[in-house]
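Please find below a note on the model.

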Amino acid sequence: MENSTEVKIFPKPSKVAKALAKELLAMTQSSQQPQFHLALSGGSTPQLLFEVLAEKYADLLPWQRLHFWWGDERCVPPGSEESNFKAANDTLFTAVPIPEANIHRIRGEEDPETEAERYSREIVHELNLRGQWPVFDLIILGMGNDGHTASIFPSQPELLQSEKICAVATHPVSGQQRITLTGKVINQASRIFFLVTGEKKAGRISEIMNNDPAAQNLPANFVSPEHGKLIWFLDEPAASLIS
Ligand code: 6PG
């Protein structure tokens, strides 16, 4: 599979979410594998995507074959308003016929280091491997205003090169502990979709897209699938500073 990047820009977030959902359906339809493993991002941006999938794709996606993972999770209980699992579960999983066993939650309530190791083992057990690295069919990523992605923050660039599959990260402002996929696992994925909307992200997006030297400090800039395709799904405000 060639290594390539595509940028898709839409007028508003709802159009971005619909386009990504359509691309996801096409991927699952062309995949011959018995299982399709995708990792979700957290934060607020994916909520529109979850709503589109819940409302329009309940009867279209092959839920029995879809396995949901997370690119990162906050170290909080699953019922916390901070939980990325809760955000997806309340909006999406409660509305579609997905088997419980296909939802691979990061257990934010557990000891972070112990859970990072447990989740890594679960990923290795369930996914195909390329050498030592598990291969996700699709990883959906968001990007913070500081250019972080998953929970790889500019303050912890070593997580981009870690030999671990999952690591414990620390939010640079709140100090909240997170469990995150590391950069090498992310870049082994067959497809990576960045879902980024809003003018607050325009500065970082322009630095990345315009190859600005400042992008060297942005973890999102290091997302580049080695054997796959990267598609940026942006709305016009987020893309407004791309030259
Ligand atoms: C998280 C996410 C994180 C998120 C960005 C963007 O756990 O917060 O995985 O990487 O994608 O912070 O967040 P918003 O979508 O809320 O802007």
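**Notes on the predicted model**

1. At 10% relative accessibility, Ala150 counts as buried (under 20% relative accessible area; exposed is over 50% and partly exposed lies in between, with a 1.4 Å probe and protein chains only). Ala150 sits in the loop joining strand S7 (138–141) and strand S8 (166–170); its phi is near 50°, a positive value in a residue other than glycine. Helices (H or I, at least four residues) and strands (E, at least two) are DSSP runs, numbered from the N terminus.

2. The model is predicted: local features need pLDDT of at least 70 and side-chain atom pairs count only at pLDDT 80 or more, while totals for chains, interfaces and linings use all residues. Residues are numbered from 1 along each chain as its sequence is written, and side-chain values use heavy atoms, with hydrogens and water left out.

3. Asn211 also shows a positive phi, of about 50°, although it is not a glycine. Asn211 lies in the loop between helix H6 (202–209) and strand S11 (229–235), and at 67% relative accessibility Asn211 counts as exposed. Most residues other than glycine have a negative phi.

4. The axes of helix H2 (residues 46–56) and helix H3 (residues 84–91) come within 9 Å and cross at roughly 30°. Axes are lines fitted to C-alpha atoms, for helices over the stretch in contact, with angles from 0 to 180 degrees between N-to-C directions. H2 and H3 are therefore roughly parallel to each other (an angle under 35 degrees).

5. Gln47, Phe50, Glu51 and Ala54 of H2 meet Ala87, Ala88 and Thr91 of H3 in the contact (heavy atoms within 4.5 Å).

Key:
Angles under 35 degrees count as roughly parallel, over 145 as roughly antiparallel, 65 to 115 as roughly perpendicular and the rest as oblique.
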